[in-house]
Amino acid sequence: MAGADEAGRGCLAGPLFAAAVLFDLERLTLADRKALARLNDSKQHTEAGREALYPLVMRAASKAVIVSRCVRGIDARGLHRTNLAALRQALMRIAPPDALCLVDGFRVPEFGVEQKAVVGGDSRSAAIAGASVLAKVARDRFMRRAAQHHPGWDFETNVGYSTPEHRAAIRANGITPLHRMSFASIAYTQLDLEGVLDVVEGDQLPPGVEDHAYGVETDAAREALMAAAAEAEPLPSHQP
């Protein structure tokens, strides 16, 4: 049984990571089964808990793969399409022809192997939960390393998500190359862009617009933010 999940949806900054794991149920040892019983939605674990689970998942999995998609790729193709492509690639790299592939919440484009979308899958499937842990840990590690190159945005603690400190850093410093231009958020209001956010919470979104935890993603927003970034003065350098 193979499972796939991703990390990085709803982020203001950073790449998207997707992971897939293959468990051969007949080959799992008793110790492996006990370790996998601790799995749950990766967001329900602490950072230390996810780090502890990471090697256990890697040991129990017959195969595991982690893929990533860069920020500019997300901006060019859109978050949902990028997410589906990353999940599909991850599954294609580990799933044998006779596997059942489980994906959290929705199906990915067909790739010749049986698949099933599982709503709330990271709390119902060990394969999906394992993939969720791998993707989340890999992404958080990347963002903490990135904090060394962009010390003014608190990436070591917010790992790209919208927090009061992250939004304050954007207001003070602007955006970095790791910030997603296709993500229209209240955190970008300091750019004084009119028309970027012309819907409010509770409105019915038009076709083709994605609703996220901290804003909406639209072609118009992407173009406006990218134009503003191109015209902006270079950001001042920061010392660690």
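This is a predicted model: local features need pLDDT of at least 70, side-chain atom pairs count only at pLDDT 80 or more; totals for chains, interfaces and linings use all residues.
I started with Asp75, which counts as buried at 1% relative accessibility (buried means under 20% relative accessible area, exposed over 50%, partly exposed in between, with a 1.4 Å probe and protein chains only).

Residues are numbered from 1 along each chain as its sequence is written, and side-chain values use heavy atoms, with hydrogens and water left out.

**Entry: Asp75 and its partner**

I looked up what Asp75 pairs with, and found a salt bridge to Arg72 with the closest N and O atoms 2.5 Å apart. The two residues are three apart in helix 3 (residues 71-77), which puts about one helical turn between them. Helices (H or I, at least four residues) and strands (E, at least two) are DSSP runs, numbered from the N terminus. Arg72 is partly exposed, at 34% relative accessibility.

**Entry: helix 2 to helix 5**

I counted salt bridges by the rule above and got seven. One of them joins the side chains of Glu47 and Arg144 (3.2 Å, N to O). Glu47 lies in helix 2 and Arg144 in helix 5 (residues 126-146), so this pair ties together parts 97 residues apart in sequence. Helix 2 covers residues 47-60. I find Glu47 partly exposed at 40% relative accessible area, and Arg144 partly exposed at 24%.

The Glu47 and Arg144 side chains also make a polar contact (3.2 Å). That term means a pair of N or O atoms within 3.5 Å; within protein, one must be able to donate a hydrogen and the other to accept it, and residues adjacent in sequence count only if both atoms are side-chain atoms.

I then checked Arg50 and Asp140, whose side chains meet in a salt bridge (3.7 Å, N to O). Arg50 lies in helix 2 and Asp140 in helix 5, so the pair ties together parts 90 residues apart in sequence. Both Arg50 and Asp140 are buried. I also noted 9.0 Å between the C-alpha atoms of Glu47 and Asp140, which are 93 residues apart along the chain.

I traced an open sheet of five strands in the order 3-2-1-4-5, with mixed pairing (two strands pair if DSSP finds at least two bridges between them). Strand 3 (63-69) and strand 5 (115-118) are at the edges with a single partner strand each, so one side of each has no neighbour in the sheet. Strand 4 (residues 101-104) runs parallel to strand 5, joined by four bridges. Cys101 has Gln115 of strand 5 as its bridge partner.

**Entry: helix 4**

I tested the length of helix 4 (residues 79-92): its 14 residues should span 20 Å, and the end C-alpha atoms are 20 Å apart, which agrees. The expected span is 1.5 Å times one less than the number of residues. Its buried residues include Leu79, Leu84, Leu87 and Leu91.

**Entry: cysteines**

I looked for disulfides (cysteine sulfur pairs within 2.5 Å) and found zero. Cys11 is buried at 0% relative accessible area, whereas Cys70 is partly exposed at 48%.

Notes:
A salt bridge is a side-chain nitrogen of Lys or Arg within 4 Å of a carboxyl oxygen of Asp or Glu.
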